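Subject: Structure handover

Hello,

Please find the structure below, with my notes after it.

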Amino acid sequence: MPRTEKIGVYPGTFDPITNGHLDIIARGARVVDRLIVAVAVSTGKGPMLSLDDRVGLTRAVTSDVAQETGIVIEVRPFSSLLVQFAREVGASVILRGLRAISDFDFEFQLAGMNYRLDPSIETVFLMASERHQFISSRFVKEIAWLGGDVSSFVPPLTERRLEAWVKEQRQS
Ligand code: ADP
């Protein structure tokens, strides 16, 4: 039987990308052949970084994972319905990361509704390692804003982008 390429979509706001996201991406690389990291416009969340900046940063920090895992990782912006985007890119799997109980309710509803919208696309949950479980973009931004050290939560490029953001904010 010919083996078809398994394509997965990992959607999120990635504002900014953290070691938690990178952990999920590396795990996702073990279950799909091609991974599309889909950066959501998420205007409702009032992101710190513009969509272009989030895409650029995510692209830059995921290139190493692509090399290490040998799978194709593409980073793309999206503003449409997630299942529609997944269909457009030929994905059969949506990957989401799960942190402790706090994520469960929201993720449970999202997966259920997406399944209703398109039962041919399966949502798969992955857990980050203990070291990365508790990391959230929201707290990383707060810590950086208050001058704390975020180097163990984010890759160096994200850290530099956060420093620049804090500087920009303080000057304006
Ligand atoms: P969203 O706005 O879709 O929640 P995020 O960028 O905050 O976007 O998160 C994208 C996905 O990554 C979500 O499924 C989220 O639960 C998961 N995630 C984020 N940080 C972590 C982490 N530290 N460990 C595991 N999963 C994570």
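This is a predicted model: local features need pLDDT of at least 70, side-chain atom pairs count only at pLDDT 80 or more; totals for chains, interfaces and linings use all residues.

Residues are numbered from 1 along each chain as its sequence is written, and side-chain values use heavy atoms, with hydrogens and water left out.

Aromatic pairs. Rings of Phe, Tyr and Trp (for Trp, the six-membered ring) pair if their centres lie within 6.5 Å; planes under 30 degrees apart are stacked, over 60 edge-to-face, and the rest tilted. The count by this rule is 5 aromatic pairs. One of them is Phe78 with Phe85, which is tilted because the planes stand at 35 degrees, with the ring centres 5.1 Å apart. Both Phe78 and Phe85 are buried (under 20% relative accessible area, with exposed over 50% and partly exposed in between; 1.4 Å probe, protein chains only).

Trp145 and Trp165 also form a tilted pair, since their planes are at 55 degrees; the centres are 5.8 Å apart. Trp145 belongs to helix H5 (residues 137–145) and Trp165 to helix H6 (residues 156–171), so this pair ties together parts 20 residues apart in sequence. Helices (H or I, at least four residues) and strands (E, at least two) are DSSP runs, numbered from the N terminus. Trp165 is buried at a relative accessible area of 14%, while Trp145 is partly exposed at 32%.

Charges over rings. The criterion is NZ of Lys or CZ of Arg within 6 Å of the ring centre and within 35 degrees of the ring normal. The charged end of Arg170 sits over the ring of Trp145, 4.2 Å from the centre. Arg138 lies over the face of Phe139, 4.8 Å from the ring centre.

Helix contact. In H2 (residues 51–69), Asp53, Leu57, Ala60 and Val61 meet Leu157, Thr158 and Arg161 of H6 (contact: heavy atoms within 4.5 Å). By class, this contact of H2 with H6 has 4 nonpolar, 1 polar and 2 charged residues (Ala, Val, Leu, Ile, Met, Phe, Trp, Tyr, Cys and Pro are nonpolar; Asp, Glu, Lys and Arg charged; the others, Gly among them, polar).

Loop. Between strand E1 (7–12) and helix H1 (19–28) lies Pro16, and the peptide bond from Asp15 to Pro16 is cis, with omega near 0 degrees. Phe14 is in the loop between E1 and H1 too. Phe14 is buried, at a relative accessible area of 2%, and has a positive phi near 50 degrees, in a residue other than glycine.

Regards
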